[in-house]
Amino acid sequence: MPPKKLNAESLKESLWDTLLELRGGTLQPAVADAIASQAREILRTGKLQLAVAKQTGHTVPEGLQRFAGVAAE
């Protein structure tokens, strides 16, 4: 099965699946924490890119627009 494209919707789905697996006891807390840490880093990077674009008056990077689902692929 090919990997899913990384976008906000797939990240949300992955985090939800992680939570369900953790609650169901099929995922170790340390693994869930690692997944959540990666998600936080992805979101932090996106937030930083938005702040830089706003501060400098540049457009939002195309990759971030695709991630958010507001740009055509």
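I shall discuss confidence, then the helices, then the salt bridges, and finally some individual residues.

A word on conventions is in order. Residues are numbered from 1 along each chain as its sequence is written, and side-chain values use heavy atoms, with hydrogens and water left out. This is a predicted model, in which local features need a pLDDT of at least 70 and side-chain atom pairs count only at pLDDT 80 or more, whereas totals for chains, interfaces and linings use all residues.

As to confidence, pLDDT is the predictor's confidence in each residue, on a scale from 0 to 100. The mean for the protein is 92, and 96% of its residues reach 70 or more. Among the elements, the highest mean pLDDT belongs to α1, at 96, and the lowest to α3, at 91.

Let me turn to helix α1, residues 8–24. Helices here are DSSP runs of H or I with at least four residues, strands are runs of E with at least two, and both are numbered from the N terminus. The expected span of a helix is 1.5 Å times one less than its number of residues.

Which residues of α1 are buried? They are S10, L11 and T18. Seen down the axis of α1, the buried residues fall within an arc of 100 degrees, so they line one face of the helix; the arc is that of the directions from the helix axis to the C-beta atoms. On the other side of α1, K12, W16, R23 and G24 are exposed. I use buried for under 20% relative accessible area, exposed for over 50%, and partly exposed for values in between, with a 1.4 Å probe and protein chains only.

The buried residues of α1 pack against α2, residues 29–56, and α3, residues 62–68. Contact here means heavy atoms within 4.5 Å.

Both ends of α1 deserve a remark. At its start, a side-chain oxygen of N7 comes within 3.1 Å of the backbone nitrogen of E9. Such a polar contact is a pair of N or O atoms within 3.5 Å; within protein, one must be able to donate a hydrogen and the other to accept it, and residues adjacent in sequence count only if both atoms are side-chain atoms. After α1 comes G25, with a positive phi near 80 degrees.

Helix α2 can be described in a similar order. Its 28 residues should span 40 Å at 1.5 Å a residue, and its end C-alpha atoms are 40 Å apart, which agrees. Buried in α2 are A32, A39, G46 and A53. The buried residues of α2 pack against α1 and α3. The residue following α2 is G57, whose phi is positive, near 80 degrees.

How many salt bridges does the model contain? The count comes to 2, a salt bridge being a side-chain nitrogen of Lys or Arg within 4 Å of a carboxyl oxygen of Asp or Glu.

One joins the side chains of E41 and R44, at 2.6 Å from N to O. These two are 3 residues apart in helix α2, so about one helical turn separates them. E41 is partly exposed, with a relative accessible area of 37%, and R44 is also partly exposed, at 44%.

Another joins E62 and R66, at 2.8 Å from N to O. Because E62 and R66 are 4 residues apart in helix α3, they too are separated by about one helical turn. E62 counts as exposed at 52% relative accessibility, while R66, at 32%, counts as partly exposed.

Finally, two residues of α1. T18 lies in this helix and is buried because its relative accessible area is 10%. Not counting residues up to four places away in sequence, T18 touches L27, A32 and I35.

L22 is also found in α1, but is partly exposed, with a relative accessible area of 32%. Under that sequence exclusion of up to four places, its contacts are L27, Q28, P29 and A32. L22 and S37 lie 15 residues apart in sequence and 15 Å apart in space, C-alpha to C-alpha.

Thank you; I welcome any questions.
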